[in-house]
Number of protein chains: 2
Amino acid sequence: MKPTHILVVDDEPQIARVLRAGLTARGYEIRTASDGVSALEVMQDWPPDLVITDLSMPQMDGLELTRRIRTKSPVPIIVLSVRDQERVKVQALDAGADDYITKPFGIEELVARIRATLRRAPSVEEAVTVLNIGDFHIDVAARRLMVRGREVHLTPKEFDLLLHMARHSGKVLQHRALLAAIWGGDSTEQVEYLRVFVGQLRKKLKPDADTDAPQYIVTEPWIGYRFEPGKSTP
Amino acid sequence: MKPTHILVVDDEPQIARVLRAGLTARGYEIRTASDGVSALEVMQDWPPDLVITDLSMPQMDGLELTRRIRTKSPVPIIVLSVRDQERVKVQALDAGADDYITKPFGIEELVARIRATLRRAPSVEEAVTVLNIGDFHIDVAARRLMVRGREVHLTPKEFDLLLHMARHSGKVLQHRALLAAIWGGDSTEQVEYLRVFVGQLRKKLKPDADTDAPQYIVTEPWIGYRFEPGKSTP
DNA sequence: GCGAAGTTCGACATTTTTGACGCAGTCGCG
DNA sequence: CGCGACTGCGTCAAAAATGTCGAACTTCGC
């Protein structure tokens, strides 16, 4: 079984060394980066299963790094920091981090939290680059969409929304869940955003002849929306 | 929009009260239990989307509770404790907990961690996806119902009611219990709601030819209702 | 200035709640 | 024994509450 790949991002070489030693000893494969910018570069060639990042760094700090990663990948992120203020923790977690650990910490605790986090993670399923369901052909990497052989241009938010729904097609996705997934941790109350974007998607996805063809996006009043991609997976 | 259900398990009434207040104010629906044993009981009738438990409790402590829950459900668990020893944290996380927070903590941090945890969780809804009993085929995730091969559209409340009855089929469900489960803790007196919704369900579930076929939903006068899904589970 | 994201608004639909009514069974009383 | 009052149940329909749609308007970043 391929070892779990962990990217450690920290500007203090000593910490990085300690982590590398402790984690390598436990069977993980480690790479390190000393700031956010180089971390993103490393991720290009070496997509990790988990990212551990310090909060304060030159170039691009952990918070910004977390946000950047989240725009394109659901890889689990654990944030380390000496700062113990609640505000900072909330910021990091809402930016998309999965856990926040205050220094100093024991390596055993870190490893236990790594295990707990990976247990939840969808693991390598993110490697899926193209989704083919029903009338839809979604190229995740290129962020392009073809419906019934025709290319449809979507704005970023529209694409995220459609992708998320496609990944859970058939299921009813509750308002809160969708909002949390696309717009992030807080703002789970703006159901209006959903209405607007669902409306725009419907308009863009609809066949040219707008007969009373069934919608791809079905609304479940009071609950949320359900995505039905058409023929092949009813 | 159905709120997220959180079960708080703590033997100190004061903590439980504070959590209930803080979380309710943020739109979560809360139930509390004072020890592991009663927590498991509550989960029977009211499956939560997240469990928050204290570590030290009479009857069954948080560690044991975590293990028991994990034997039958993937629901996210957050452990609270005054104990800050690494060994304890590792134990709890490895028992299946998703996060471990040391008291004292700020409510904002707790809420941020709740959000982060829920973001990862597959949500209880999706866990048990299809229920197949008698003439009924209930897709919980998609919130769709087929009776004798025919799709029947139900409104949210109707669906919740039917689902709850189906999950306890055969048993007599008391008025209060049903009302509490579908309409929430208070309003356990509006037996009229039940009459109306049971009536609507009966109408929608009835075979086209309304012969004197036996009802799926049987009235137990003075007590409540009983669900009999048909052939396979008499 | 432009395009996209975020926000607001009014018309419209559906669901939920509430109230009224009839039916059937039970009980007490003449 | 028969009859009316009472109670719980089922049905119906109007009222109230809430959600949805679609479009237009504002804000933001480049």
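In this predicted model, helices α6(A) and α7(A) cross with a right-handed sense. The contact between them is made by Lys157(A), Asp160(A), Leu161(A) and His164(A) on the α6(A) side, and by Leu178(A), Ala181(A) and Ile182(A) on the α7(A) side. Chain A also touches chain B, with 31 residues of chain A in contact with 27 residues of chain B.

**Helix pair in chain A**

- The axes of α6 (residues 156–167) and α7 (residues 175–183) of chain A come within 10 Å and cross at roughly 130 degrees.
- Sorted by class, the contact of α6(A) with α7(A) holds 4 nonpolar, 1 polar and 2 charged residues.

**Side of chain A that touches chain B**

- In chain A, the elements that give two or more residues to this side are α4 (86–95), α5 (107–120), β10 (172–174) and α7.
- Helix α5(A) supplies the largest share, 7 residues.
- The residues on this side of chain A divide into 12 nonpolar, 5 polar and 14 charged.

**Surroundings of DNA strand C**

- Among the 19 residues around DNA strand C, those that come nearest are Thr155(A), Lys157(A), Glu192(A), Thr155(B) and Lys157(B).
- Two or more residues of the surface near DNA strand C are given by each of α6 and α8 (191–205) of chain A and α7 (156–167) and α9 (191–205) of chain B.
- By class, this surface has 9 nonpolar, 4 polar and 6 charged residues.
- Lys157(A) belongs to the α6(A) contact with α7(A) and is also one of the residues that come nearest to DNA strand C.

Definitions and conventions
Residues are numbered from 1 along each chain as its sequence is written. Chains are lettered from A and ligands numbered from 1 in the order in which they are written. This is a predicted model: local features need pLDDT of at least 70, side-chain atom pairs count only at pLDDT 80 or more; totals for chains, interfaces and linings use all residues. Axes are lines fitted to C-alpha atoms, for helices over the stretch in contact, and angles run from 0 to 180 degrees between N-to-C directions. Helices (H or I, at least four residues) and strands (E, at least two) are DSSP runs, numbered from the N terminus. A crossing is left-handed if the near helix is turned anticlockwise from the far one by less than a right angle, and right-handed if clockwise. Two residues are in contact if their C-beta atoms, placed from the backbone, lie within 7 Å. Ala, Val, Leu, Ile, Met, Phe, Trp, Tyr, Cys and Pro count as nonpolar, Asp, Glu, Lys and Arg as charged, and the others, Gly among them, as polar. A residue is near a molecule or strand if its C-beta atom, placed from the backbone, lies within 6 Å of it.
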